[in-house]
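This briefing goes through the cavities and pocket, the salt bridges, the backbone geometry and the surface of one structure, grouped by topic.

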Amino acid sequence: MNLNIHPSVGVARLGNSTGVQFCLSPDAIGGLPYDADLYGNKLGPIVNFKDEAGAIKRQGQVFSIYDEYNNEITLSTPGVTSIQWYVHLANKKAAWYDFSELDGNLLFPNNSYQDKQTPLRNAAEPNRQTLIVDPGWRTISGANQTIGFDQANVPPGYPAQFPPSTVTYGLPVTTLGDLKTDALGRLIVLGGYGNAGGDLPLQSYGGADTWRDDISDGPVYCTVTYEGQDPVTLQAWVIVGSPDYAPEIVNISALSDTMFDVGVRYFDLVPELFSGGAYQESFVANFQRDILPIISRMANYQWVSNVQPMTALTSAFFDFTDPGEANLQNRLTYFSYFRAPNLTNDASPLQPSQDLFQDALTLNFPMLPVNSGSNSVSNDDIVKFLSLNLTQYFLLSQWANGSFVNDPNYLPYAGVNGMDTASVGNCVGLPMCPGIEVTWSMQNPAVYSAPFTISNNAAYNAYDTTGLDPSRDECEGGGCQPGDLTKRMACPWQADFFQCTFQNVNFTDPYSNKSGNPLGPTPPTYYAYWWPPQAPWDVIAGEDTAAGQAAANVVLGQQFNYARGINQFAQMVEHWYSLAFIKNKNAGAAGFPFFTETERNNQLFSYQAIPVSTISGNKNDDQTEIPVWYIPDDNPGGAPLHLQAKAASSAKAGKMVAFLEARAFKHIKTAPGGLGTPRSGSKIRR
């Protein structure tokens, strides 16, 4: 019997709500999560992303079984006697190499960690396995069941690894989450609570030795037994990532696009599109399937960033859907504004990603996408500006040349299941420095066994006596172990939301990002963003009542800095959950979105309008004021005193105080020398 697990790679997300409330991952690219009951039975589209105390609900990934005819197989299917799930989550970050841009990316020549002499995290620890957070595998079956990835549920005899249960700074990692089954035996994987902590002060935006967090990933197995038949065992994978603060806004190159590109170029996924090592000029693209997503995603970036050049090219100033000869020059001109991708096996700096403007002489228009590339930071393996991936770029070129149709009733590509693309389609695919949920290893065919399928190193119980390997590199082949897909990410994970937001990128020196200026990019630079759908930066405040605006000190319709009030990295590690979700308030009207903030914890922040005269010394300058949001440091580690004062008149503030006091957070210190210059080279935040 031909059965499959969908999604083949699922994505759950952290949340710090410790109650019974959680939500379920979207089932479409750009879709909203779903509310759920205690066991993960779907209730309907999400109403609130946070609980009553302002804590973020964890987002669980549902895994289901389907036959070859796309019929779902559940405990109620005739003949099914049992559905048994096995999942192994782990976090290998503390045992891996330092946060190091593209070092170790084996798609570049001579770029192994050994070639680059990349230092290890926690290099002084000789027993590297003890640095892994590895609770071992968990099994669950039946309906409406629950089991945790904590020390109480470690399989007998398994050499589990947990970090210390107390830390000097932050919050200890005591669990990587939970498994649940719903009423029909489907699996729900819930990740951790966003905890991050350690015993040394933070030394950089990449963290410090002794620190762990509860990001994780690992294989998902299922054994389905029919009466009178041999059991069938299936395998998928799950990634536990950070919250998706703007779930309806999709990255121009999403992880689904990356995985499709790998499938096309390395696994013969669509031979009429790519075969014999080359794209086929005879291939006919479909505007609705292949081109419109690129244009509409660029249009939606305006709600989370200031990207006027991209917005300008999303207006239908000619008929994008017309393949006729009369429109040829319009399409070719439009296509000329997209920079070509780099050659994947060439580390030379003289590649298209170093070019910002369409015309280098007149500096007439920045090419698209207007994002940082995967390495606009260091001087090794420079990739200054973002390009579409190779397959996206080829499809766009086919459109430009008129080799396309405009069919809204298209069929998906053969071999590509929408249930597999849905979750990964809401993750970052490019740029990768290292990324948000996962990194550049997902561009390497060595980590896959088939399109959209992660290559598994062994069966679920293969590590029963040995535990996980802290040093093997899955990009060299041999399949992935639990924790391999997320081990290259920042630790603590919140670094990606304080450091990796915008980037000042040098656009004149193709050989350097920091020539003559080791602390930051060398001017002239261009203001680019990393991944605004995951880490928004310029947003519209959503308060639409007098009371709401008074609490937030904003007006509706004005763009504000998304992270306003989070003014230091330690505050991001502590108060990441206070940030707003970005939601379309006009979702019922197709084509006319209005995305604004919602559920920001305004009670946490204080506000002051600072007259410019306090800086200039010129009293006349007090006619201009600068808005400043901040968190008073009046009760380190507990509920701020100003929030306690608000609790007397605000029910939500009272619940927030109770939550903050209960979690026993240890106030974070930074090393005496500070954290150094942020990745962008600038501490200025508008």
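The second largest cavity is lined by Arg-13, Leu-14, Cys-23, Pro-33, Ile-46, Phe-49, Ile-56, Lys-57, Gln-59, Pro-243, Asp-244 and Phe-581; on a 1 Å grid over the protein atoms alone, a cavity is a set of points where a 1.4 Å probe fits but cannot get out, and lining residues have an atom within 4 Å of a point. The model is predicted, with local features needing pLDDT of at least 70 and side-chain atom pairs counting only at pLDDT 80 or more, while totals for chains, interfaces and linings use all residues. Residues are numbered from 1 along each chain as its sequence is written, and side-chain values use heavy atoms, with hydrogens and water left out.

- A search of the whole structure finds nine cavities of 30 Å³ or more.
- The largest pocket has a volume of about 1200 Å³, a pocket being an open set of points with protein on both sides within 12 Å along at least five of seven lines.
- The lining of the largest pocket comprises 45 residues, and those nearest its centre are Ile-29, Arg-289, Pro-293, Arg-297 and Tyr-410.
- Two or more residues of that lining are given by each of the elements α2 (255–266), α3 (287–300), α6 (390–400) and α7 (418–424), helices being DSSP runs of H or I with at least four residues and strands runs of E with at least two, numbered from the N terminus.
- Helix α3 supplies the largest share of the lining, 10 residues, and by class the lining of the largest pocket has 23 nonpolar, 16 polar and six charged residues.

**Salt bridges**

- The count of salt bridges comes to 22, each defined as a side-chain nitrogen of Lys or Arg within 4 Å of a carboxyl oxygen of Asp or Glu.
- Lys-57, which also belongs to the lining of the second largest cavity, forms a salt bridge with Asp-35, the closest N and O atoms being 3.4 Å apart.
- This pair links distant parts of the chain, 22 residues apart, with Lys-57 in the loop between β5 (42–45) and β6 (58–67) and Asp-35 in strand β4 (residues 34–36).
- Lys-57 is buried at a relative accessible area of 8%, and Asp-35 is buried at 13%, where buried means under 20% relative accessible area, exposed over 50% and partly exposed in between (1.4 Å probe, protein chains only).
- Glu-597 and Arg-564 meet through their side chains in a salt bridge with an N to O distance of 2.8 Å.
- Because Glu-597 lies in strand β31 (residues 595–598) and Arg-564 in the loop between β29 (559–561) and α10 (569–575), the pair ties together parts that are 33 residues apart in sequence.
- Glu-597 counts as buried at 7% relative accessibility, and Arg-564 counts as buried at 5%.
- A network of salt bridges links Lys-92, Arg-472, Asp-473, Glu-474, Asp-484, Lys-487 and Arg-488.

**Backbone geometry**

- Most residues other than glycine have a negative phi, and most peptide bonds are trans.
- A cis peptide bond with omega of about 0° joins His-6 and Pro-7, and Pro-7 lies in the loop between β1 (3–6) and β2 (9–13).
- Another cis peptide bond, also with omega of about 0°, joins Cys-433 and Pro-434, the latter being found in the loop between α7 and β24 (448–450).
- Asn-110, although not a glycine, has a positive phi of about 50°; Asn-110 is found in the loop between β8 (80–88) and α1 (113–116) and counts as exposed at 66% relative accessibility.
- Thr-210, likewise not a glycine, has a positive phi of about 80°; Thr-210 is found in the loop between β14 (196–198) and β15 (212–213) and is partly exposed, with a relative accessible area of 25%.

Conventions: Points joined across faces, edges and corners; volume = space filled by probe spheres on them. Nonpolar A, V, L, I, M, F, W, Y, C, P; charged D, E, K, R; others polar.
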